[in-house]
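The stops below are given in the order in which they may be selected.

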Amino acid sequence: MRLKYIAALSMVALLSACAHEKANTGDSSGAATAMQPSGPVPGSEADLVATAGDRVLFALNKSGLTSEAQATLDKQAAWLAQYPQVNVEIAGNCDDRGTEEYNIALGQRRANAARDYLVAKGVASSRISTISYGKDRPTQEGDDESAWAQNRNAITAVH
C-alpha cells in the first residue's frame, strides 16, 4: 500500500512538472511574455506614412505634380489597393504668402491634383475626399524658403 501511495505521488509530481514546463514559454527567467507585433497597425495612418508616405510637395504657385510627387502617389495607390476598406482625405496646403482667397483656391487645386492622380491609378473616387486649408495649417514654422517649401503640399490622411 505504501508503494502505491509513493507511486501515485510521483505521478502527480511528474504530471505537474510537465504541465508547468508547457506553460512556461517565456524568457529564461521563467516569466511568460506575449509576442508583441512590431511596427504600425496594417491599414492605419501610421502604416500609410511608413509604407507610402503621406505628402507630396509643390513648387511655388503651382499645382502640377512633379515626378517625385507621382512616385509617392503611386505608392499610395498601391497601398490603397491593398486596403480597399480605407478611405482618405487629401488636404491641400500653401505657404503663408499670398491672399487667403488665392491660397484656398491653390490648396484645393493641389488636393484635386493628388486625388485625380490616385483615381487615374484605379482608386475609387468615392474613397477620397479633398479639402483646402490654404495657409492656415502650416506643417513647418518659419518665414524662409525651406519652411515655405514644406508647407506647399497635399497631405493624405486615413479618414
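Select Asn 61, which counts as partly exposed because its relative accessibility is 42%; buried means under 20% relative accessible area, exposed over 50%, and partly exposed in between, with a 1.4 Å probe and protein chains only. Asn 61 lies in the loop between β1 and α3. Helices (H or I, at least four residues) and strands (E, at least two) are DSSP runs, numbered from the N terminus. The phi angle of Asn 61 is near 60 degrees, a positive value in a residue other than glycine. Most residues other than glycine have a negative phi.

This is a predicted model, in which local features need pLDDT of at least 70 and side-chain atom pairs count only at pLDDT 80 or more, while totals for chains, interfaces and linings use all residues. Residues are numbered from 1 along each chain as its sequence is written, and side-chain values use heavy atoms, with hydrogens and water left out.

Next, select Leu 60, also placed in the loop between β1 (55–57) and α3. Leu 60 is partly exposed, since its relative accessibility is 41%. Leaving aside neighbours within four places in sequence, Leu 60 is in contact with Asp 95, Arg 97, Arg 110 and Arg 152; contact means heavy atoms within 4.5 Å.

Is Thr 72 buried or exposed? Thr 72 is buried, because its relative accessible area is 14%. Apart from neighbours within four places in sequence, its contacts are Ala 52, Gly 53, Arg 55 and Val 56.

Trp 79 is also found in helix α3. With a relative accessible area of 2%, Trp 79 is buried. Display the residues around Trp 79: not counting those up to four places away in sequence, it touches Gly 43, Ser 44, Asp 47, Leu 48, Thr 51, Ala 52, Val 86 and Val 158. For Asp 47, 32 residues away along the chain, the C-alpha separation from Trp 79 is 9.1 Å.

Then show the largest nonpolar core, which has 20 residues. A nonpolar core is a set of buried Ala, Val, Leu, Ile, Met, Phe, Trp, Tyr and Cys residues joined through side-chain atoms within 4.5 Å. Trp 79, Leu 80, Ile 90 and Leu 118 touch the most other members. At least two residues of this core come from each of α3 (67–82), β2 (88–93) and α4 (100–120). The largest share, five residues, is supplied by α3.

To inspect the contact, select Gln 70, Leu 73, Asp 74, Gln 76, Ala 77 and Leu 80 in α3, which meet Ala 114, Tyr 117 and Leu 118 in α4.

Finally, display the whole protein, which has five helices and four strands. Along the sequence, these follow the pattern α-α-β-α-β-α-β-α-β. Of the 159 residues, 30% are buried.
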